[in-house]
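Please open the model in a viewer and follow the stops below in order. Each stop states what to select and what is found there.

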Amino acid sequence: MTGNKAVAYKEPGKVELIDIDYPTFELKDGPGVNPANVGRAVNHGVILKTVATNICGSDQHMVRGRTTAPANLVLGHEITGEVVEVGRDVEFIKVGDLCSVPFNIACGRCRNCKERKTGICLNVNPDRPGSAYGYVDMGGWVGGQANYVLVPYADWNLLKFPDKDKAMEKILDLAMLSDIFPTGFHGAVTAGVGVGSTVYVAGAGPVGLAAATSAHLLGAAVVIVGDMNEDRLARARSFGCETVDLTKGGPAEQIEQILGVPEVDCGVDAVGFEARGHGHDAQEAPATVLNSLMDITAAGGALGIPGLYVTGDPGGIDEAAKKGALSLSLGTGWAKSLSFTTGQCPVMKYNRQLMMAILNDKVNIAKNVNAKAITLEEAPKGYAEFDAGAATKYVLNPNGYLN
Ligand SMILES: NC(=O)c1ccc[n+]([C@@H]2O[C@H](COP(=O)([O-])OP(=O)(O)OC[C@H]3O[C@@H](n4cnc5c(N)ncnc54)[C@H](O)[C@@H]3O)[C@@H](O)[C@H]2O)c1
Ligand SMILES: [Zn+2]
Ligand SMILES: [Zn+2]
């Protein structure tokens, strides 16, 4: 039996490398597995040998103890891999295929999947619509920060790279297709970004940088990125963004200095519920980004909100925040007829087009987010550095493909 090492959440602030079973075509009981999913047959699945599996800001919410994730939950929803076994009912994906895995797990059969809303598939998570690998309340599908991982509904979910050798030349870029590139792109698209738009992206983490990259790809005239982290803002400037330093206060004044007006056409929230307030040494204030986007987005505009908001947060700043309730100035949004798009990015809606943009040299997403490969053993260090605000997107390399 082939060994399988994996990165597991242990307790707030701690992840560890553990040994787990090599996957089979069945969802077995384990930490975080919904009882209704135990024993589920996955003959429509494949087993992937992991080529790249990235650490995400979404993982950090769990690792910081800001969710109800159980100990020993195997992490990892950003997966790229090579198929090593196919289930009985898989028809088109073959052993040896090199594939990107959308972080959403989707059945391809339900009403929402048929409408391309794969972030809210109705058949993969008994708790609620929507599912992902290695994530709390997402049905219990085992995470991919491991040597091997099971991918259900493989014919539907997997994006096969057309040419393996060419794909390996751009593998760090293609590794961003499992989540942050489509997610940032979705944020920009749903914020209404098009040719000539002015755009403000809150957050210069990997998702914010991916949204800014996407806004350029979509033809924006000016892309402004705001954060409190100077190293991350420097990354945004490295590919032509303007930046706003939020330790100096809210974004409106600095946006006015750049654009001549204190507003933009399109607003993107790439921060989520752990947002900090604006100004020097500001503390956590979860509604900050949403309220400030409503202030600075022009009337009739739209807010793309990939930043994650939760229904329960043990570390919330007050009783309301602990239940995921925020103090929003919704009247401002209403008065300005603003549109909002929240939720998981339906990765499958965008990943093929973005793959083509990468393979044909139209975009350098790995460079823009400063993607860096590290070993599985280095994962705890990668998590700690990412948590401390490193301007780096860590990509785990469990099987040496990225050497
Ligand atoms: N919707 C989806 O499908 C999806 C997919 C991936 C990630 N996400 C979410 O997107 C968010 C960003 O992910 P990431 O990996 O870039 O995380 P990250 O934690 O690395 O980045 C967040 C950044 O926001 C900054 N920040 C904090 N308060 C701010 C404020 N008021 N204004 C501007 N910036 C502020 C932080 O300094 C940090 O640099 C997370 O909430 C993550 O869970 C959602
Ligand atoms: Zn992610
Ligand atoms: Zn479905």
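Select Ala 204, Gly 205, Pro 206, Leu 209, Arg 232, Val 369, Ala 391, Thr 392 and Lys 393, which line the second largest cavity; its volume is about 30 Å³. A cavity is a set of points, on a 1 Å grid over the protein atoms alone, where a 1.4 Å probe fits but cannot get out, and lining residues have an atom within 4 Å of a point. Grid points are joined across faces, edges and corners, and the volume is the space filled by probe spheres set on the points. Colour domain 1 (5-179 + 346-396) and domain 2 (182-341) separately: both contribute to this lining, so the cavity lies between them. The domain bounds come from an automatic or database domain assignment.

The model is predicted: local features need pLDDT of at least 70, side-chain atom pairs count only at pLDDT 80 or more, and totals for chains, interfaces and linings use all residues. Residues are numbered from 1 along each chain as its sequence is written, chains are lettered from A and ligands numbered from 1 in the order in which they are written, and side-chain values use heavy atoms, with hydrogens and water left out.

Next, turn to the largest cavity, which holds about 70 Å³ of space. Its lining includes Arg 66, Phe 273, Glu 284, Tyr 309 and Asp 313. The structure holds two cavities of 30 Å³ or more.

Now select the zinc ion (ligand 2). Its protein donors are Cys 56 (SG), His 77 (NE2), Glu 78 (OE) and Asp 179 (OD), at 1.9 to 2.3 Å. Donors are N, O and S atoms within 2.8 Å of the metal (3.2 Å for Na, K and Ca); water is not among the atoms, so sites may look incomplete. The angles subtended by the four donor atoms run from 91 to 130 degrees, which makes the arrangement tetrahedral (four donors with all angles between 85 and 135 degrees). His 77 lies in the loop between β6 (73-74) and β7 (78-86) and Asp 179 in the loop between α5 (171-174) and α6 (180-190), so the pair ties together parts 102 residues apart in sequence. Helices (H or I, at least four residues) and strands (E, at least two) are DSSP runs, numbered from the N terminus. Both residues are buried (under 20% relative accessible area, 1.4 Å probe, protein chains only).

Finally, select the zinc ion (ligand 3), coordinated by Cys 107 (SG), Cys 110 (SG), Cys 113 (SG) and Cys 121 (SG) at 2.3 to 2.4 Å. Along the chain these donors are spaced C-x2-C-x2-C-x7-C. Cys 110 and Cys 121 are buried.

How values were computed: Tetrahedral: all angles 85-135°; square planar, octahedral: opposite > 155°, others 65-115°. Buried < 20%, exposed > 50% of the residue type's maximum accessible area, 1.4 Å probe, protein only. 1 Å grid on protein atoms, 1.4 Å probe; cavity = no way out; pocket = protein on both sides within 12 Å on 5 of 7 lines; lining within 4 Å.
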